[in-house]
Structures are given as structure tokens and as C-alpha cells.
Amino acid sequence: MPEDVWQRVEKWLHATLADLICIRDEGEACERHRPNVLVVGQDELHPWARGMIWDFRKSPKECATLLDFHAPLDHTLNVEYLRQRLKDYPNQQIVAFIADGMRPWADVELQTVLVPHLMSLAKGFPSVVKELKRMSAPDLRWYSNHADFPFWPM
């Protein structure tokens, strides 16, 4: 993305980080300074980068690759067991979502929408952090942690 767009994104990230640090350190006494919603549309990217979803998971220092929508999923569930047990389940679409991944029905714009954390986050910050750590643990891997954006747009 052009430098001026990246500067807006970076400013939003720094404001969000400051907000999270305040919540972590001061809890409900934190005087929140949440950034506004930030939307980065395709028209704000370089023309050659538009219309595609870029995968940066290998390394933010390396060149991105196009996201492979047909790559196999890295399951933590016993998918073959689920397929067998649910072969007669009336809603086969939900079985396919579990086994093969979600298929969005909406045809949405390729844009990134960055939204600030809820005002109520301060009330449960420690339990939210605990749950995110649990769900991103190696045995579950329901979430993954990234030092930078794993995809663009998101």
C-alpha cells in the first residue's frame, strides 16, 4: 500500500495498543482513547495489488503470496470421525463447514475494516486474555497470533 495509507494504519494500531495498555494497567479506571473505525478500500492500494487477498503469514519481511483458498486446512478436530458420525445428519452444509472450512455466501468488497475494542473490555480484560491464550494454545489452535497482519485485506 502507498506510504500515506500505511501511516494511517500504523497510527490506528499505535492508538489501539495504547488503549489496550491502559486497560491492562488501569482496568476500569482507564480513561479510554479508542481510535475511530478505519476502513482501507481497494482504491487506496497500489493498482497492481487490488482485487486479491495477500498472505503474509510466512514472514512480513518476505514478499507476500496470493492466498490459496484450496490449501488443506490444518485441523485440530478428527474430521474423518466427524464425517462418518454425521454422514446422515440433516444439515450437511454445517458438516461441510466443519470439515472443509466456512464458505461465505456474501460477495463482499475486498476491504480491511479495523474496529476498536468494546468499551466493556476493561470489565473482563484478564479473562479475555486468558481465553485468547487458551484458544490459541498448540493443542487447540482455534486462533493464531501474528506480530503483523497475516492477510491483506482482512
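Modeller: Let's go with Thr16. Once you set aside its neighbours within four places in sequence, Thr16 is in contact with Pro35 and His117. Keep in mind that this is a predicted model. Thr16 itself is found in helix H1. Its relative accessibility is 8%, and because the cut-off for buried is under 20%, Thr16 counts as buried.

Helix H1 covers 3–26 and strand E1 covers 38–40, and Val37 is in the loop between them. Val37 also takes part in a nonpolar surface patch, together with Val39, Val113 and Val115. That patch comes to about 310 Å².

Next, the cysteines. Cys22 and Cys30 form a disulfide, with 2.1 Å between their sulfur atoms. The angle about the S-S bond is 125°, and the link of Cys22 and Cys30 is right-handed. Cys63 is another story, as its relative accessibility of 71% makes it count as exposed.

Now zoom out to the fold. The protein has four helices and five strands, and along the sequence they run in the pattern α-β-β-β-α-α-β-α-β. The radius of gyration is 19 Å, whereas the globule rule gives 15 Å for 154 residues, so the protein is more spread out than a compact globule. Taken along the principal axes, the box filled by the C-alpha atoms is roughly 55 × 45 × 30 Å.

What about burial across the whole chain? Of the 154 residues, 27% count as buried, and Thr16, where we started, is counted as buried as well. The accessible surface of the protein is about 11,600 Å², and carbon and sulfur atoms account for 58% of that.

One last thing, on how the chain meets itself. Take the contacts in the protein with a separation of 6 or more: 65% of them come from residues 24 or more positions apart. That brings us back to Thr16, with Pro35 and His117 as its contacts beyond its neighbours within four places in sequence.

Key
Residues are numbered from 1 along each chain as its sequence is written. This is a predicted model: local features need pLDDT of at least 70, side-chain atom pairs count only at pLDDT 80 or more; totals for chains, interfaces and linings use all residues. Side-chain values use heavy atoms; hydrogens and water are left out. A disulfide is a pair of cysteine sulfur atoms within 2.5 Å. Buried means under 20% relative accessible area, exposed over 50%, partly exposed in between (1.4 Å probe, protein chains only). Patches are made of residues with over 30% relative accessible area and no salt bridge: like charges are joined within 9 Å, nonpolar side chains (Val, Leu, Ile, Met, Phe, Trp, Tyr) within 5 Å. Accessible areas come from the Shrake-Rupley method with a 1.4 Å probe; for residues, only the protein chains shown count as cover. A salt bridge is a side-chain nitrogen of Lys or Arg within 4 Å of a carboxyl oxygen of Asp or Glu. Helices (H or I, at least four residues) and strands (E, at least two) are DSSP runs, numbered from the N terminus. The radius of gyration is taken over C-alpha atoms; the globule rule is 2.2 Å times the number of residues to the power 0.38. Contact means heavy atoms within 4.5 Å.
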